[in-house]
Amino acid sequence: VYNFAANYFQEKVIPGHETRSVEALCWAAGDRLFGAGLSGDITEYDLALLCVARSVDGCGGPIWSMAANSSGTQLAIGCEDGSVKLFQVVPGGIQFERNLDRRKGRILCLSWHPSDTHIAAGSIDFLRVFDVCSGNSQIMVNYHVLKVRRECIVWSIAFLSSGTVITSDSFGRVQFWDWQRGTLMESHTVSTSAVLSLAVSEKEDSIIVGTSTGATYQFQLLPVKMGSLEKRWVRTKPFQHHTHDVRAVAHSSTALISGGLDAQLVIRPLMEKMQKKGYDAALRKFTFPHRRLVSCARKARLLLFQFSQHLELWRLGSTDETGKDGEVLPLCRMPEHLVQLKSKGPEHIYCSCVSPCGSWVAYSTASRFHLYRVQYEGDGISIKKVPKVPKLLLPAYQLQFSSDSGSLFVASARGSVHVLQLLEPGGCKHLHTFRPPSGSPEAVYLLASSADGHWLAAVGGDWAIHIYDLKCFKHHCTVPTYSCAVTALAIHPVTNNLVIAYSDQQLFEFSIPEKQYTAWSRMVQNCGLHRVWLERDSPITHITFNPKNPSHILLHDIYMFCVLDKSLPLPDNSALLMNQSTLKQLPETARQRQLHAFKICKKFQPLLFADLLDENCLVMVERPIMDIKTQLPLPIQQKKFGT
C-alpha cells in the first residue's frame with residue numbers, strides 16, 4: 001500500500017499466500033480494502049494489523065472482477081459461472097444481498113454507473129448493462145465478428161455519468177458505447193494486441209489504457225474545434241515504460257499510474273497539472289520493496305536473503321590481494337551457499353533476520369514464528385529449530401538481533417515490541433513487552449538497537465518513534481512527530497544518536513541520552529538539504545555507521561550509496577552533487593571547490609543492501625533488472641524500424 005501524501009512511500013505490505021491469488025482490489029466505505037481472486041473468496045484486509053481481517057465465499061466459483069459503488073456501501077463481483085453478485089458492506093464485514101440476471105460466460109470486468117443504478121459488465125464476446133433494482137440485463141451487445149474466427153475478450157470497462165460505456169478488448173480496441181441504445185459511438189484501435197486495462201479520471205475527461213505490448217495511452221475528451229461545445233475522445237499521449245503486459249492502471253488528479261507483468265509500478269506525472277517543477281513532477285518507477293530483504297551477520301561475514309517461501313544463507317568470499325580503485329580482485333575463497341531454509345505451508349515469509357554472530361536465524365509468516373540455532377563444524381553446518389517459542393510473539397512484522405547476539409527484538413501489533421533472551425545451546429525466554437504509553441492501533445515496522453545494548457527505537461504505522469531503555473525495561477522518550485513516514489533509522493554505536501531518514505528525503509539526528517535534536521540536526525534544518533537530494537524519487541532504506549570514523553553516516557537507496565561526512569559543510573544549491581567517479585576526473589582545484597558533506601556513489605544499481613563488515617570492508621548487494629526479466633515470459637515481439 002503506497003502513501004501518496006508521503007511521496008509514494010510503500011507504507012504497508014500484507015504478506016501473500018500461495019492459494020490466495022488476487023485478481024481484483026477495491027476500496028469501499030472510506031478506507032476499507034477488499035480483494036477477490038480465483039479462490040472464490042472475498043477478502044477484507046486489516047490495514048493496521050497487516051493481515052486478512054475476514055473472508056467470505058462468493059459462491060460463484062473463481063472471482064474475476066470486483067467493483068464498489070460510488071458511496072462504498074455495495075460490492076459487485078463477477079464470477080466464473082457468469083453471475084454478478086451484490087454484497088452489502090456493513091460494519092464488521094459484508095453480507096450477500098442478491099444475484100443479478102445470470103448468463104453464460106465468466107464476468108471479466110465490472111463498473112458501476114456513478115448514480116449506482118446500473119452496472120456494466122464485460123465477458124467473452126458480450127457487453128451487458130444490468131439494472132441494480134430489478135436485477136435484469138437491460139442491454140446486451142454481441143462482440144462476435146463473423147469474419148474473424150476468434151473470440152473477443154472484453155478485458156476492462158468503465159461506466160461514465162453521461163451514460164457512455166468504455167471498453168477495451170483483446171482486438172486492441174478502445175470503444176465508446178451508448179448503453180441505452182446499445183450502439184457504438186467511437187472506436188479506436190490502439191494496438192495490434194490486447195488492451196488489458198482501463199481507468200478514468202475523476203472529472204471523466206481523461207482515460208488511461210494499458211496494452212499487452214507494455215505501452216500505455218492517454219485519451220482526452222477535447223473540443224472538435226476551438227470554442228466548440230461538441231467534444232470527442234482523442235488519443236493524445238503514448239508512453240512506453242513497461243516491457244510486458246500492463247495489467248493494471250489508475251488515474252489520479254495529477255498522474256497516470258500503471259503496473260505491469262515486468263514487476264514495475266510506474267507513476268507518470270501529468271505535467272500540465274503541475275504548478276511547479278519538483279518532487280511531484282518526477283517520473284517514478286518502483287520495482288523493489290521499500291523494506292529490507294537482506295540481513296547481514298557482520299562478525300561471521302554471512303548474508304541472509306529473504307524470498308517469498310524460503311531463506312538462503314551465504315558465506316561471503318574473501319581476498320588477500322590489494323589494488324587500486326575500480327580493480328576487481330581475485331578471490332582466495334569463493335562465496336558459499338550454506339543452507340536453504342524452506343517455509344512450510346502456503347503463507348509467504350514476512351520478515352527475517354540473522355544474528356551478528358551468525359548462530360541464530362529467525363523468520364515469521366502471518367501465523368507462525370520460527371527461530372533456528374545454526375552451528376558450524378569445520379566445513380559442515382547444522383541447523384536446529386528452537387522448540388517452544390512463546391506464542392505471544394505473533395504477528396511479527398520486523399525482527400532485530402542485539403549486537404551481542406544475546407537478545408531478539410520482535411516488532412508486533414498495536415505498537416508492541418517483544419524482547420527475547422537467547423539461551424545456549426538452543427532456547428529462548430520472553431523477558432519483556434514494550435508498549436507505547438499512548439497506545440497505538442498500528443503495527444511496528446522498523447526497529448533499531450544500540451551497540452551497547454542500552455536503547456531500542458521502534459517506529460509504528462502512525463509514524464511515531466518511541467525510544468525504550470533496555471536496562472530497566474521502560475519507555476524513555478518519544479521523538480517529536482514529523483509529517484512524513486520514516487523510511488530508515490539507526491543508532492550511532494559511539495554517540496547513541498538516532499539518525500532518521502524520512503520519505504521526503506529529510507534527515508534528522510536525535511540525541512537519545514539528551515532527549516533532543518543535536519546541533520548538527522538543527523543546522524541541517526536551518527540551512528536545508530540540497531535541492532537535488534530532496535528531489536530523489538527513491539527512499540533511503542538502510543543506515544549504518546563506521547565506528548572508526550564517528551562523523552561518517554553511511555546510507556543508501558536503490559540507486560545510490562552515500563557517505564555523509566558531518567565534519568564537512570553542507571552543499572548549497574549552486575554546488576553540484578556529483579557522483580564520485582565524475583568527481584575524480586576533475587582537476588585538484590575543482591575537486592577542492594566541490595568539497596562538501598555528501599560523497600555519492602552510483603556504481604552499484606539497483607542496490608538492495610549495503611553494510612559495513614569492518615573498517616576496511618563494505619558489502620553491497622545488487623539485483624540487476626535483467627536478471628528479473630529473464631525469469632519472465634517473453635514479451636510480444638514488435639517490428640522496429642531498421643531491423
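1. Aromatic pairs first: searching the whole structure, which is a predicted model, turns up 15 of them. One is Phe4 with Tyr8, a tilted pair with 4.5 Å centre to centre and 50° between the planes.

2. Arg536 puts its charged end over the ring of Trp533, 4.1 Å from the centre. Arg373 lies over the face of Trp360, at 5.0 Å from the ring centre.

3. Now to strand β44, residues 497-502. Six of its six residues are buried, so the strand is largely enclosed by the rest of the structure. In a regular strand, side chains alternate between the two faces of the sheet. Here Asn497, Val499 and Ala501 point one way and Leu498, Ile500 and Tyr502 the other, and all are buried.

4. What are the neighbours of β44? On one side, β43 (residues 486-491) runs antiparallel to β44 and is joined to it by five bridges; Leu489 stands opposite Ile500. β45 (residues 507-511) also pairs with β44 in the antiparallel sense, over five bridges, and there Phe508 is the bridge partner of Ile500.

5. The β43–β44 hairpin has five residues between its strands, and Asn496 in the turn has a positive phi of about 60°. The β44–β45 hairpin has four residues between the strands, with Gln505 at a positive phi near 75°.

How values were computed:
Residues are numbered from 1 along each chain as its sequence is written. This is a predicted model: local features need pLDDT of at least 70, side-chain atom pairs count only at pLDDT 80 or more; totals for chains, interfaces and linings use all residues. Side-chain values use heavy atoms; hydrogens and water are left out. Rings of Phe, Tyr and Trp (its six-membered ring) pair if their centres lie within 6.5 Å; planes under 30 degrees apart count as stacked, over 60 as edge-to-face and the rest as tilted. A charge sits over a ring if NZ of Lys or CZ of Arg is within 6 Å of the ring centre and within 35 degrees of the ring normal. Buried means under 20% relative accessible area, exposed over 50%, partly exposed in between (1.4 Å probe, protein chains only). Helices (H or I, at least four residues) and strands (E, at least two) are DSSP runs, numbered from the N terminus. Two strands pair if DSSP finds at least two bridges between them.
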